[in-house]
Amino acid sequence: DMRTTILVLIAVFSGCAYLIGTAIGADWLRLIAKPWPVLMMAAWVWPSGERRIAIGLVFGAIGDICLAVPSAFLPGMVAFAIGHGLYAAAFISWQRRLSALLAVPVAIYLITTVALMLPNTGPLTIPVIFYMGIIGLMLWRAAAVANNDSDPGFMRWSPLLGALLFGFSDSLIGINKFVTPLPGAAYPIILLYWAGQGLIAAAAVVRVKMLQQPAPARRPTSTN
C-alpha cells in the first residue's frame, strides 16, 4: 500500500544518506540519517499490534543515535539492551517451549565473544557482560521459535536469522572497539544490523497477519 511504500522510500533514502556520510566522513550526515531506517521499520510494525517489536525498534533507533556520538556508547548499549529484551519477550510469547539444548551453542558463542573482549573493556566490563547476556537470551528464544515446526517457514526462520545478523553486527562492534580495529567495519556492521532488524520486523508483521487469517473451513461430512 501507499503507506508502506512511503516508509520504504524514507528508509532507503536515509540509509543511502548514512552510507554516503560514512564514505565521505560527514559525521553530521551520519548522525541525521542513521536512526530513520529503523524508525520506519517501527512505524511499519506498530499498526500490526506487535508493540514489543515496534518499541524495540524505537529503542534501536535511540541506540543508533547514541553510537553516532562518541561519548554516548554506554547509553547506546542500554538502549539496545532494552530492544533486545523486548524482542526476547516477544519471541517467548511466540514459543513458550523451553528448548534448553538450544541454549548450548548460544552459551558457547557468548563465552567466546566475551572472553575476547573482556581484557580491554575496563569500566564497561559489567555492562558488556550484561549486554551480551541479553543478546544471548534473544538468540536462544529466536532459536526456540525456529524449533517450532508447526509454524510456516518464514515465521520460524526469520526471527532466528534476524537475531543472528543483529548479534553478529553487535559482535563486530565489540571486536572493533575492544579487541582490534577492523578497517571498513562500519559497512558490514550497519548492513547486517539493518538486515537483522528488518527480518525481525517482517517476522512480527507476517506472524500477526497469519494469525488473523480465518482457519480453513472444514469439508462437510458425507451423509451417504
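Where is Ser99 found? The first legend below takes up this residue. The model is predicted: local features need pLDDT of at least 70, side-chain atom pairs count only at pLDDT 80 or more, and totals for chains, interfaces and linings use all residues. Residues are numbered from 1 along each chain as its sequence is written, and side-chain values use heavy atoms, with hydrogens and water left out.

**View 1. Ser99 in the loop between α5 and α6.** Ser99 is found in the loop between α5 (73–94) and α6 (103–117). Helices are DSSP runs of H or I with at least four residues, numbered from the N terminus. Ser99 is not a glycine, although its phi is positive, at about 50°. With a relative accessibility of 13%, Ser99 counts as buried. Buried means under 20% relative accessible area, exposed means over 50%, and partly exposed lies in between (1.4 Å probe, protein chains only).

**View 2. Arg141, a buried charge without a salt bridge.** Arg141 is found in helix α7 (residues 125–146). Arg141 is buried and has no salt bridge; Asp151, the nearest side chain of opposite charge, is 11 Å away. For charge, Lys and Arg count as positive and Asp and Glu as negative, while His and the chain ends are not counted. A salt bridge is a side-chain nitrogen of Lys or Arg within 4 Å of a carboxyl oxygen of Asp or Glu. A polar atom of the Arg141 side chain lies 2.8 Å from the backbone oxygen of Leu98. Leaving aside neighbours within four places in sequence, Arg141 is in contact (heavy atoms within 4.5 Å) with Ala88, Phe91, Ile92, Gln95, Arg96, Arg97 and Leu98.

**View 3. The salt bridge between Arg207 and Asp151.** The closest N and O atoms of Arg207 and Asp151 are 3.1 Å apart, and the two residues form a salt bridge. This pair links distant parts of the chain, with Arg207 in helix α9 and Asp151 in the loop between α7 and α8 (153–179), 56 residues apart. Both Arg207 and Asp151 are buried. The count for the model comes to 3 salt bridges.

**View 4. The salt bridge between Arg30 and Asp27.** The side chains of Arg30 and Asp27 meet in a salt bridge at 3.6 Å, N to O. Arg30 and Asp27 are separated by about one helical turn, because they are 3 residues apart in helix α2. Arg30 is buried, with a relative accessible area of 18%, whereas Asp27 is exposed, with 52%.

**View 5. The salt bridge between Glu50 and Arg52.** Glu50 forms a salt bridge with Arg52, and their closest N and O atoms are 3.3 Å apart. Glu50 counts as buried at 8% relative accessibility. Arg52 is partly exposed, with a relative accessible area of 32%.

**View 6. A nonpolar surface patch.** Met2, Ile6, Ile10, Trp28, Ile32 and Trp36 form a nonpolar patch on the surface, and together they have about 670 Å² of accessible area. Patches are made of residues with over 30% relative accessible area and no salt bridge; like charges are joined within 9 Å, and nonpolar side chains (Val, Leu, Ile, Met, Phe, Trp, Tyr) within 5 Å. Accessible areas come from the Shrake-Rupley method with a 1.4 Å probe; for residues, only the protein chains shown count as cover. Helices α1 (2–24) and α2 (27–33) each supply at least two residues of the patch, and the largest share, 3 residues, comes from α1. Ile6 is found in α1 and is partly exposed, with a relative accessible area of 42%.

**View 7. Gly196 and its contacts.** Gly196 is found in helix α9 and counts as buried at 0% relative accessibility. Not counting residues up to four places away in sequence, Gly196 touches Gly162, Leu165 and Phe166. The C-alpha atoms of Gly196 and Leu165 are separated by 4.8 Å, while the two residues are 31 residues apart along the chain.

View 8. Ser158 is found in helix α8 and counts as buried at 4% relative accessibility. Leaving aside neighbours within four places in sequence, Ser158 is in contact with Leu199 and Ala203. Ala202 lies in helix α9 (residues 186–212) and counts as buried at 13% relative accessibility. With neighbours within four places in sequence left aside, Ala202 is in contact with Trp44 and Phe154.

Conventions: A polar contact is a pair of N or O atoms within 3.5 Å; within protein, one must be able to donate a hydrogen and the other to accept it, and residues adjacent in sequence count only if both atoms are side-chain atoms.
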